[in-house]
Amino acid sequence: MASDDERSVDELFAELPEKWRQSLEEAGLGLTELRRVAAGPDGMRRVRTILAEFSEPAPGGRTARAGYGGVTPVWPWARLVLVAAVSAVVCLGASLFIGKAAALVGLLLALPVFWVAFKTRDTRGASVARYVTAAAYLVLVLVGSAFANSWYLHLRGTEQTVTVVAPAHQWTHGTRETYCRVRLRDGSVREVVANKDDCADAVGRTVTAVVDPAGHYEPALGTRSAIGGVPEGYLCLGAAALLALAPATAVVIGRRRYGRTAGAAR
């Protein structure tokens, strides 16, 4: 069997997996270009360096799925951002109908998000980008579904005087839970966002509440400034930024690193 020193460029190129050869072509390092490099001074050594760089094993000794060190395609990472963003919007939209239980929707939609994340190529920085994107998505849907009501009331809610009425009671896991309710100006009775410890003793009292004019979200007792959820809002904004920036960074790092290899060939 011929050694690496004795094999031609064509033989070395033919031994690469099809996906790797396609990626080399996309980066301008196809067979024709490698032949040109091989014809120059110290050509075969430079060719072997390029191919070794391209077929470098992934961290931990495992074999790369699609050519670790190869050119980083944009679409798989853009697809990850798109799937994660759509899943987060669906989760937050579900809070209109099922409240905080929308977190379950977010967790269910995490499955396609994680699947798309791990379909991306093993380029430099890809592993970190995947985990950062996955973590950002989880923060966005879990925190977002819990505080979507409060955020909406901050933006669209109006303060009005309401009357505390008899609370509702429900058995949950063997425990009798009390749910505070108020009567709005239009006569409708609604449960509030968060219970107050003394709501059962406040029946008949008039208090201030922030109410959604459209009736999508439950009212919150207190003034607009007392609703809360502001720190959590900034947390979710940061998570949304990471969800977009982590994949973009993986693409930039992967292409810059591979660009140096392509430049060396020229």
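**Exercise 1.** How many residues has helix α6, and what distance does α6 reach from its first C-alpha to its last?

*Solution.* The model is predicted: local features need pLDDT of at least 70 and side-chain atom pairs pLDDT 80 or more, while totals for chains, interfaces and linings use all residues. Residues are numbered from 1 along each chain as its sequence is written, and side-chain values use heavy atoms, without hydrogens and water.

Step 1. Helices are DSSP runs (H or I, at least four residues), numbered from the N terminus. Helix α6 covers residues 102–117, which gives 16 residues.

Step 2. The expected span is 1.5 Å times one less than the number of residues. For α6 this is 22 Å, and the helix reaches 22 Å.

**Exercise 2.** Where in α6 does a kink lie?

*Solution.* The bend at a residue is the angle between axes fitted to the seven residues ending there and the seven starting there. A kink of about 30° lies at alanine 110, shortly before proline 112. Ala110 is also one of the buried residues of α6 (buried: under 20% relative accessible area, exposed: over 50%, partly exposed in between; 1.4 Å probe, protein chains only). The buried residues of α6 pack against α5 (75–98) and α7 (126–156) (contact: heavy atoms within 4.5 Å).

Conventions. Helix = DSSP H or I, 4+ residues; strand = E, 2+ residues; numbered from the N terminus.
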